[in-house]
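Biologist: Could you walk me through reading strand pairing in a model like this?

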Amino acid sequence: MHSFLESSREEIRSRVGKRKVLLLISGGVDSSVVAAMLLKILPPENIYLMYIDTGLMRKNETAEIKLYLKSLGAENIQIVSASGIFLEKLKGVSDPEKKRAIIGDLFIKVQEAELPDGLSDNYFLAQGTLYTDLIESGKGVGVNAKVIKSHHNVRSPMVEAKRKAGLIIEPLDKLFKDEVRRLGTTLGLDTRIVSRHPFPGPGLAVRIIGDITEEKIRILQEADALFIKELVNRKLYNKIWQAFCVLLPVKSVGVTGDAREYGNVLALRAIKSVDGMTADVYPFEIADLLAISSKITNTIPEIGRVVYDVSSKPPSTIEWE
Ligand code: XMP
């Protein structure tokens, strides 16, 4: 990773020169590592970091991101609160690829509308695209690559236009996730950032199966935060490659006191992987699963039932959508 960093430094410096770079921060490992990398390689005053709060982020994400970016020595940080417009456009949309397209295009629209003062026309757009993103979007090596799912940072027409103009920097596009983590460590990033589980660009939108409402987002954020906290407390978080909750469009019957009530069904997903291309189910001790499940149903009244997803990839993907 030291030599990778060295060669990237030369390449990025010679391509960008004194021009400015805009990087969209998602809160995930990849864009966090790109931010740290760019701030090390280029003058910090030329790096513009923009974080768009889509309303589909994990609980408390925005506050944590602010602190992290400041700790990297970033000078130009812009936090855009855009949840209203994202939720409006996603209203009634259930098809996952439609959700991805809407979110991807809105990201770019919001980014353009909110462009920070001081950015010139020919600024570069930096992205944390990984090799796996390119493969799954049908842009990997080989002519027969198929689209498994469109990653919005690869497919958006606006991004394509920047790409055609030669104004895209994707320093991680030859790396797999485990290598990005090692790069983060080489850059001196906090282990909490480097070991954070991956989070998809479209956020909780692809973890709420069916249409998205504010209420569903709130329930999923609470459940997810609780699940992750339990994994950390039980010292399981770092043994798992990715863990999250999925809110299903299914209600099932339960009993509360003497009453019969319909509650939401929540699926827990926890997998082991190296790069996300294949994945095995994390073999929880059943006692841990039972305790986590009752914690969730006891704390979040809207959730009436918890199930554990025991499917590996392939044939199932990691995310449900
Ligand atoms: P799948 O579901 O394809 O996920 O097995 C593989 C890894 O990619 C993440 N993922 C995404 N990341 N935009 C992203 O930036 C997306 O649209 C997207 N879909 C899935 C997923 O969380 C897992 O880590």
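Modeller: Happy to! Two strands count as a pair if DSSP finds at least two bridges between them. Keep in mind that this is a predicted model. Here, Ile 25 of β1 stands opposite Tyr 51 in β2.

Biologist: How many bridges join β1 to strand β2, and do they run parallel or antiparallel?

Modeller: There are 5 bridges between β1 and β2 (residues 47-53), and the two strands run parallel. β1 also pairs with strand β4 (residues 124-126), again in the parallel sense, over 3 bridges. Within that pairing, Leu 23 has Ala 126 of β4 as its bridge partner.

Biologist: Which helix makes a β-α-β unit with β1 and β2, and what is its handedness?

Modeller: That is helix α2 (residues 29-41), and the unit it makes with β1 and β2 is right-handed.

Biologist: Why is β1 described as largely enclosed?

Modeller: A residue is called buried when its relative accessible area is under 20%. In β1 (residues 21-25), 5 of the 5 residues are buried, so the strand is largely enclosed by the rest of the structure. Look at the side chains too: Val 21, Leu 23 and Ile 25 point one way, Leu 22 and Leu 24 the other way, and all are buried.

Biologist: And Thr 213: where is it found?

Modeller: Thr 213 is in the loop between α10 (191-194) and α11 (214-233). Its relative accessible area is 31%, so Thr 213 is partly exposed. The C-alpha atoms of Thr 213 and Ile 102 are separated by 15 Å, and the two residues are 111 residues apart along the chain.

Note on methods: Residues are numbered from 1 along each chain as its sequence is written. This is a predicted model: local features need pLDDT of at least 70, side-chain atom pairs count only at pLDDT 80 or more; totals for chains, interfaces and linings use all residues. Side-chain values use heavy atoms; hydrogens and water are left out. Buried means under 20% relative accessible area, exposed over 50%, partly exposed in between (1.4 Å probe, protein chains only). Helices (H or I, at least four residues) and strands (E, at least two) are DSSP runs, numbered from the N terminus. A crossover is right-handed if, with the strands pointing away from the viewer, the path from the first strand over the helix to the second runs clockwise.
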